[in-house]
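Subject: Model handover

Hi,

Here is the structure for you to look over. My notes follow below.

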Amino acid sequence: MKAVAYRQAKPIDQPDSLLDVTLPDPVPTGRDLLVRVEAIAVNPVDTKVRAGVDPKGADKVLGWDAAGTVVATGPDATLFRPGDAVFYAGALDRPGANSALHLVDERLVGRKPATLGFAEAAALPLTSITAWELLFDRLGVRIGKPAQAGSLLVIGGAGGVGSIATQLARRLTGLTIIATASTPESQAWSREMGAHHVINHREALAPQIKAIVPGGVDYILALTQTDQHFPAFAEVVAPQGHIACIDDPTGPLDIVSLKRKSVSFHWELMFTRSLYQTPDMIAQHRLLNEVADLVDAGLITSTVNRNLGRINAANLREAHALIESGRSVGKIVLSGFGD
């Protein structure tokens with residue numbers, strides 16, 4: 001089968017940082033699905049693994065967002081059948097989806113939204129799972145729209161996770177959503193996703209937030225540059241508030257500064273369930289089906305913002321470069337391997 005892989009950890013501007021390769025067709029076992037990949041999306045995790053994990057000459061395939069068609073199932077699979085259209089993010093400790101055929105545990109897979117094409121669907125899984133787990137599993141936000149629901153700060157509102165988190169919070173909760181974005185394009189995108197207020201994270205956060213919620217913000221999604229923004233978080237979070245983080249801070253976080261307000265701090269990694277084969281791993285199957293229902297009901301939309309064409313090494317190098325620039329808005333997708 002055709003695939004895109006890398007053999008050494010190299011900067012993305014090197015022509016062999018990603019390579020077109022041919023690999024053996026995988027065979028499903030256990031609860032695996034064998035999926036014909038129709039489209040993929042690119043995430044920061046792809047660039048981090050490529051830059052930081054050296055496969056020492058072996059072909060390592062990246063890619064943790066895919067949509068495609070089931071072509072075969074393992075003997076223990078019961079949730080899907082050949083011919084079903086699916087979307088998923090997969091598992092970090094297995095080969096990625098930048099390949100014509102891909103194996104994935106069915107408990108991590110949802111039905112593709114019927115109203116979306118494969119490319120639009122591929123933009124959703126990883127960020128939808130992350131955003132859902134952040135809001136409802138980690139922060140404990142309740143679905144519903146009661147009076148005095150509180151407020152939510154989304155750092156990096158125009159990114160992949162920020163875009164879908166804003167939509168979920170706007171559609172499913174009564175939270176007042178404050179998103180951060182620094183350019184006219186990203187600010188407009190955040191408003192389109194449903195943010196009630198958009199502030200600039202390149203300026204001092206605390207005065208901007210206090211002007212909107214003088215008593216403090218109840219929930220904070222720290223999606224990027226958490227170490228830089230953490231002092232502001234401690235200042236503006238409401239007493240008994242909640243902060244959740246997904247990035248990899250390079251500097252120390254002064255957690256003690258949260259004690260006076262009894263603030264809780266949470267980590268989120270959407271691969272935790274698959275990495276540890278947790279008893280509730282099937283929650284991601286149910287979650288993605290719920291997202292598909294919301295999409296088909298017209299309540300949330302795909303966050304795809306750019307389609308770079310065919311799935312090949314050259315186009316994936318461009319996608320990685322865009323992600324590494326820190327200026328991408330929404331999600332980047334690629335579609336089809338060709339003949």
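Arg 50 is buried, at 1% relative accessible area (buried means under 20%, exposed over 50%, partly exposed in between, with a 1.4 Å probe and protein chains only). Arg 50 forms a salt bridge with Glu 324, with 2.8 Å between the closest N and O atoms (a salt bridge is a side-chain nitrogen of Lys or Arg within 4 Å of a carboxyl oxygen of Asp or Glu). Arg 50 sits in helix H1 and Glu 324 in helix H10 (residues 313-325), so the pair ties together parts 274 residues apart in sequence. Helices are DSSP runs of H or I, at least four residues, and strands are E runs of at least two, numbered from the N terminus. Glu 324 is partly exposed, at 40% relative accessibility.

A word on the basis. This is a predicted model: local features need pLDDT of at least 70, side-chain atom pairs count only at pLDDT 80 or more, and totals for chains, interfaces and linings use all residues. Residues are numbered from 1 along each chain as its sequence is written, and side-chain values use heavy atoms, with hydrogens and water left out.

The whole structure holds 17 salt bridges. One of them joins Arg 7 and Asp 59 at 2.6 Å, N to O. Arg 7 lies in the loop between strands S1 (2-6) and S2 (19-22), and Asp 59 in the loop between helix H1 (44-52) and strand S4 (60-61), so this pair ties together parts 52 residues apart in sequence. Arg 7 is partly exposed at 35%. Asp 59 is also partly exposed, at 33%.

Next, Glu 268 and Arg 138. Their salt bridge has its closest N and O atoms 2.8 Å apart. Glu 268 is in the loop between strand S14 (264-267) and helix H8 (272-275), Arg 138 in helix H3, so they tie together parts 130 residues apart in sequence. Shared partners join Glu 133, Asp 137, Arg 138, Glu 268, Arg 273 and Asp 280 into one network of salt bridges. Glu 268 is buried at 5%, while Arg 138 is partly exposed at 25%.

What about Lys 112: which side chain of opposite charge is nearest? Asp 296, at 7.3 Å; Lys 112 is buried yet has no salt bridge (Lys and Arg count as positive, Asp and Glu as negative; His and the chain ends are not counted). The Lys 112 side chain does reach the backbone oxygen of Leu 116, at 2.4 Å. Lys 112 lies in the loop between strand S8 (109-111) and helix H2 (118-122).

Best wishes

Conventions: A polar contact is a pair of N or O atoms within 3.5 Å; within protein, one must be able to donate a hydrogen and the other to accept it, and residues adjacent in sequence count only if both atoms are side-chain atoms.
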